[in-house]
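I opened this notebook to keep track of what I looked up. My entries follow in the order I made them.

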Amino acid sequence: MKTTFLKAIAVAGLTASSIAAHAVTELTFWHAMAGRNGEMVTTIVNQFNESQSEYRLTAINKGGYEDTMTAGIAAFRARNAPHIIQVFDAGAATIINAKGAVYPVQDLLEDSGAAFDKNDYLSGVRYFYADSDGKMIGMPFNSSTPLLYYNKEALKKAGIAEPPATWEEFETIAPKLKAAGYTALSQSHSPWIFSENFHSRHNLPMATGNNGYDTTDVKILYNNDALKMHWSKVKDWLDEGYYGYYGRNWGDNQDAFVQGKVAMWLGSSGSFGNLKQTTDFEFGTTFLPYWSNLIDEPKSTFIGGAALFSFSGHSKDEYKGVAEFFKFLTSPETQLLWHKETGYVAITNAAYDLAQKTNLYKEMPDAEVGMLQLSQESGEWSKGYRLGYYVQIRESLFKNYERLLSGQTSVDSAFHAIEQESNRLLRRFNATYK
Amino acid sequence: MQSHPFKHSWVPYIFVAPQIIIILIFFLWPAGQAVQQSFYREDAFGLSSEFVGFLNYAEVLDDPEYTSTVLFTLLFSALVTVFSIALSLLLAVQANQVIRGADTYKTLLMWAYAIAPPAAGLIGGLLFSPLVGDLYQLLNNIGFDFNHNRNSSDAIFVVVLIAVWKQLSINFIFFLSGLQSVPNSVLEAARIDCPGAIKRFWTITFPLLAPTTFFLLVINTTYAFFETFGIIDLTTKGGPGGSTTTLVYKIYQDGFLGADFGGSSAQSVMLMVFVVVLTVFQFKFIDKKVHY
Amino acid sequence: MQVKTVINKKRLQALFRHSVLISGALFLVMPLWIALMSSTHSPEALFREGLQFLPGSYGYETYSQILMGSDLLSAPAWRMLLNSLILGLGFAIGKVIISMIAAYALVYFRFPLAVPLFWMIFMTLLLPLEVRIIPSYEVVAKLNLLNSYTGLIVPLIASATGTFFFRQFYRSVPAELLEAARIDGAGPLRFFIDILIPLSTTMMAAIFIIMFVAGWNQYLWPLLMTTDPEYYSIVIGIRQVFQTLNEGGTLPQFNIAFGLTVLATIPPVLVVVIFQKMFVKGLVETEK
């Protein structure tokens, strides 16, 4: 019913525009979504183009997150920027702190007359890409949260009834999994899962200055006892054969789980749809474990993922089209489709309601786990972080964790190096973007 | 060499103009900007910038990671150069002496010149991949705890191996033609003076190949510095633990991925100074050789 | 008795030689062989059983997906191959012509700006594109050349390696030729067209091949400079597939990655193998 209606409008629009010889406004959208997620971006963009006739949006994959961001920066400097660009969590500070590079999403929507209410968005989503006053600068797009996936067969074979809720529990079941012939655990992004979200889960600050939201003059707080304890455990697990590190690429570790070498894998809620297609065993999904000796009730995780930003310097008419697309994108129907097909979380309350109403979670209970984790009580430090040159800081984390795991360096000296390098970068960023 | 025979007012300018115009627009202009950027601190989007003198240079030099990158680059180019030169010399000497199948060997040993570094990186990386790599399996089955995604020495081994693999062909071509240009009379005389084949090689043939070897040293060093980018990008991405980051890869990481233009421009300029030294060295040698 | 040991020694030597050469050839060929064979197996088979040494039955599927378009690639491989061909040919032709005439001016003329211009050309060898890539992008963008073959090719020609190859070559041309031409009353243009060009054909062909391969294999510049999949080259395709392999998600399409690598490798390898003699001669000339 609805689609026919839309089609009718589209047809009417097309005829009208051909009669009036009305020029269609061309818009470009650079993104970093590949594989299944990339297909869904194309689907949504096509639906948007069919839904109206004034604007034509072209979506182009520019490689990985870093590639996309660099291409956007280069294009902006060359006054050739796309209208919309997908920027990942680690790059948010660079684009938000460069005054005048983007047209804040909230302003853009309000200026083009669209109704905008921050409270339409899930609380965990609302602030991650907002400035210190809470104004939304980027439109959260593919938002995900780290989850634990477990191979049900493997757990059964090892005689384990329940997946671990805490790391203490993990330590008791890991030897059983090893005895059953499995590496107990791998994970796909040590900065994201074993650093950033470690802090939000245990309600610990990552950096001074309100995790970097209040100022760029900040210092990193990674060199703390809790995180050091965690990583010395990870190193022990690796040495015992409970933990597998297959490389820093996301896919390397996920694939080891799919191949059945690893019994449990920490990935993203957005990995769900793909795992469903690739695994030949039954798997389950549960919350990110925590240390019960650090916190009694774990807090919610960061939203992570990436957001859409609109570059400054385009015409009013073009921004109107961008606003139209954002409206389309955040409509409950589009959000539900995206949530269902990719496993990324739905970002609005309305979409979450719709998902529940349409019985999505009855059919696919796993799809709700991410939503539930994000709806857990949020702590003082689970709103997000805003740190400059964070791409390089992540590089430093990766690097020092790899050195730690290969035994080249001790836990203490690895975290000392992380602190030194991060603060050096943050100082530089502060001097550049003051 | 000719003593500049034509004196003409405009013809030479017409001839040299296309080259010069392209250089002015696509070389000097951007290179000048790179040098300029190295003295500024600028946000990624070019919205604000501030002159900071040599501060970017000072910060780069003060960074312990930069030092380890320099050391790795030197180690890497030494390993690549030594192994690819030694192996290709061995192959060229043998190929120069076989009669049966000589052409087939030549073709089989020189085709790899044409493979793109990223293609070499992709294949090599997958051969060692913990998920599907046969070489990974093999090495672990025979008792090595091999994982180039985790152990730096393994990673260095993998990138060096792939880089050598890709570079063997070109060295082979140069050595083989170097060997073929050794006059027969010299070889005959050598055979009488010096009956031992190995000794003959080191006392007669190798000195004759010295200019070629020296030339290849320069070529291979440049290769290891710049052209291995595609290999590293498709295998280790500079890891694990930053252990396979070359200078060019670091410029790419800081400037390209990290959006720190001032810092990466300063690194570029420093690299340029190094290349100047290397090229001047090379040029002196080439000019000398032409005149002998 | 003595004759026999000599023969045995010779045989042993030959055996040694052939085994060294065969191992060398295997070392070079095996990786590509495995890539080729693996590209004929299904992604499931590769994922569960590892890489393959023998042909499988999935080759048609792999290559038709690659050539006609796959979700993994923003452009079908035939389009990328065409772009690579344009890039290789454009780069090679441009470079041969421009550097030939520039070298001619530098070697055969005496003119006031010759020395500064020589140094200017010389300088381009010192700073590879990799280290000035972002400013280069800005320049190309300012000239409105993004997503065009001109913008893709011309900045690569700025490095004057070809000019140096030709300069070295001209300097090895005997001076008597020039004297003879002068006695016949030939001017600079006639000398260039009637004598120097015919003399340089092998050299031109060799540099053409070297530059074609170099252009075809370009990586970082096309990666940054093309934002429109219409202009993607096959080497960019390799990177794109690699990216997808790393990101995980769907079952890794190793067959596509290998197939694309094989397709990217075959054309330049064929060129080098077919024109082997010419190419070797040219390469070795440049050393002098």
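I took helices (H or I, at least four residues) and strands (E, at least two) as DSSP runs, numbered from the N terminus. The model is predicted, so I kept local features to pLDDT of at least 70 and side-chain atom pairs to pLDDT 80 or more, while totals for chains, interfaces and linings use all residues. Residues are numbered from 1 along each chain as its sequence is written, and chains are lettered from A and ligands numbered from 1 in the order in which they are written.

**Entry: a helix of chain A**

I began at the end of helix α12 of chain A. Gly260(A) follows α12(A) and has a positive phi, near 85°. Next I checked burial: a residue is buried if 20 or more other C-beta atoms, placed from the backbone, lie within 10 Å of its own, exposed if 12 or fewer, and partly exposed in between. Nine of the nine residues of α12(A) (residues 250–258) are buried, so this helix is largely enclosed by the rest of the structure. Trp250(A), Asp252(A) and Phe257(A) are among them.

What do the buried residues of α12(A) pack against? I found β6 (146–151), β7 (183–187), β8 (262–268) and α13 (272–278) of chain A, together with α13 (234–247) of chain C.

**Entry: a strand of chain A**

I moved to strand β3 (residues 84–88) of chain A. Five of its five residues are buried, so β3(A) too is largely enclosed by the rest of the structure. Ile84(A), Gln86(A) and Phe88(A) point one way, and Ile85(A) and Val87(A) the other way. In a regular strand the side chains alternate between the two faces of the sheet.

I then looked for partners; two strands pair if DSSP finds at least two bridges between them. β3(A) pairs with strand β1 (residues 25–31) of chain A in the parallel sense, over two bridges. There Phe29(A) stands opposite Ile84(A). With strand β10 (residues 306–311) of chain A the pairing is antiparallel, over five bridges. Ile85(A) stands opposite Phe309(A) in that pairing.

**Entry: domains of chain A**

I looked up the domain bounds, which come from an automatic or database domain assignment. Domain 1 of chain A covers 2–143 + 304–374, and domain 2 covers 146–301 + 389–432. Their centres, taken over C-alpha atoms, are 29 Å apart. I counted residues as in contact if their C-beta atoms, placed from the backbone, lie within 7 Å. By that test 21 residues of domain 1 of chain A touch 21 residues of domain 2 of chain A. α18(A) gives the most to the domain 1 side, with six residues.

**Entry: chain C**

I counted 15 helices and zero strands in chain C. Its radius of gyration, over C-alpha atoms, is 24 Å, well over the 19 Å that the globule rule (2.2 Å times the number of residues to the power 0.38) gives for 288 residues, so chain C is more spread out than a compact globule. Of those 288 residues, 53% count as buried.

Which chain C helix gives the most to the side that touches chain B? 78 residues of chain C are in contact with 75 residues of chain B. Helix α1 (residues 2–38) of chain C gives the most to that side, with 12 residues.

I ended at Tyr104(C). Leaving aside neighbours within four places in sequence, Tyr104(C) is in contact with Phe15(B), Tyr170(C), Phe192(C) and Leu196(C).

Terms used. Two residues are in contact if their C-beta atoms, placed from the backbone, lie within 7 Å.
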